[in-house]
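Please look through the structure below.

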Amino acid sequence: MHIPRKRFGQHFLCDQSVIHRIVHAIAPSRGEHLIEIGPGQGAMTLPLMKQMHEMEVIELDRDLIDELSSRVQPFGRLQVHNQDVLTFDFTAARSDDRLLRVVGNLPYNISTPLIFHLLDHAAVIKDMVFMLQKEVADRLAAAPGSHAYGRLSVMVQYHCEATHLFDVAPSAFYPPPKVQSSIIRLRPYAKRPCVANDEKHFETLVKAAFATRRKTLRNNLKTMVPDELWTVLNIDPGLRAEVLPVSDFVRLSNALTEKE
C-alpha cells in the first residue's frame with residue numbers, strides 16, 4: 001500500500017459518492033483532450049478513463065505511476081507525464097485544434113502558484129474543474145466587497161468565469177486533511193468582458209493595490225496613480241482594493257498605460 005507523502009501534499013480521495021459527483025461535474029466526452037493533475041492512486045482517473053478511453057495525467061511521484069498505469073490499462077491509453085506540474089507547458093501539450101480540459105485534486109501546498117501558472121496558458125484551455133482547499137476556492141469565486149476577495153480573485157476572474165460547485169468533507173480522503181475542500185469550475189473566457197491593454201501592468205497594479213489590505217487605494221497606489229486620475233475615472237481613492245470590481249482595475253490600468 002502506498003503511504004501518502006506529506007512533501008507532495010498527498011491526500012487520496014476515497015469516497016465513491018464524491019468521486020461520482022466530481023466526474024458528473026466534469027461531464028467528460030470521448031474525443032476531448034483531458035489532462036488530470038495529480039491522479040494519485042487513480043480514484044478519478046479510472047472512472048474518467050472508462051468514459052474517455054484516452055487521457056493524460058501529470059504525476060510527480062514516480063512510485064505511483066506503475067500501479068496507476070496497470071489499473072487503467074484495460075480501459076484505454078493513458079499518457080503519463082512524470083514531472084512537476086508547475087513547470088509543465090500546457091500550451092505545448094495542445095497537439096491539435098482541441099482546447100484542453102484540465103481537472104484534478106490540487107495539492108494544497110502549491111494550489112495558488114499552480115492557478116497562476118494555468119492562467120498563463122488560459123488561451124489553450126476550455127475549462128478546469130478542481131478540488132481545492134475551501135478557503136482558496138472561496139477566494140477564486142469571491143465577489144467584490146467580500147472578505148475573501150483579493151488579488152487571486154481579480155486575476156482569476158479577469159481570465160475566467162469562476163463557479164463554486166460543492167464542498168467536500170475531510171472524511172472523503174485518506175488521510176483526512178485538516179481543512180474543508182471545495183470543487184470549483186474555472187472557464188476561461190472566449191471573449192473577455194474587459195481587456196487590459198498591458199496585462200503585465202494590470203498584474204503589477206492589482207498586486208500593488210492589495211499589498212496592504214487595510215490601506216486605501218490611494219495609499220497603496222500613490223507611486224503609480226496621480227491624484228487627478230481618480231477623479232477622471234470616477235473611482236473613490238478612499239476605498240480599499242477589496243471593493244473594486246475587475247472592470248475598474250482594468251480601467252485604471254488602461255488609463256495609466258495610455259497616459260504613459
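Helices (H or I, at least four residues) and strands (E, at least two) are DSSP runs, numbered from the N terminus. Axes are lines fitted to C-alpha atoms, for helices over the stretch in contact, and angles run from 0 to 180 degrees between N-to-C directions. The model is predicted: local features need pLDDT of at least 70, side-chain atom pairs count only at pLDDT 80 or more, and totals for chains, interfaces and linings use all residues. Residues are numbered from 1 along each chain as its sequence is written, and side-chain values use heavy atoms, with hydrogens and water left out.

Helix H1 (residues 16-26) and helix H2 (residues 45-52) have axes that come within 10 Å and cross at roughly 40 degrees. Ile-19, Val-23 and Ile-26 of H1 make the contact with Pro-47, Leu-48 and Gln-51 of H2, where contact means heavy atoms within 4.5 Å.

Now the sheet. An open sheet is formed by 7 strands in the order S4-S3-S2-S5-S6-S9-S7, with mixed pairing; two strands pair if DSSP finds at least two bridges between them. Strand S4 (77-81) and strand S7 (160-168) are the edge strands, each pairing on one side only. Strand S2 (residues 33-37) pairs with strand S5 (residues 100-105) in the parallel sense over 5 bridges. Glu-36 has Val-103 as its bridge partner in S5.

H1 also packs on the sheet, touching S2, S5, strand S6 (125-133), S7 and strand S9 (181-188). Helix H5 (residues 111-119) lies across S2, S5, S6, S7 and S9, and runs at about 175 degrees to S6.
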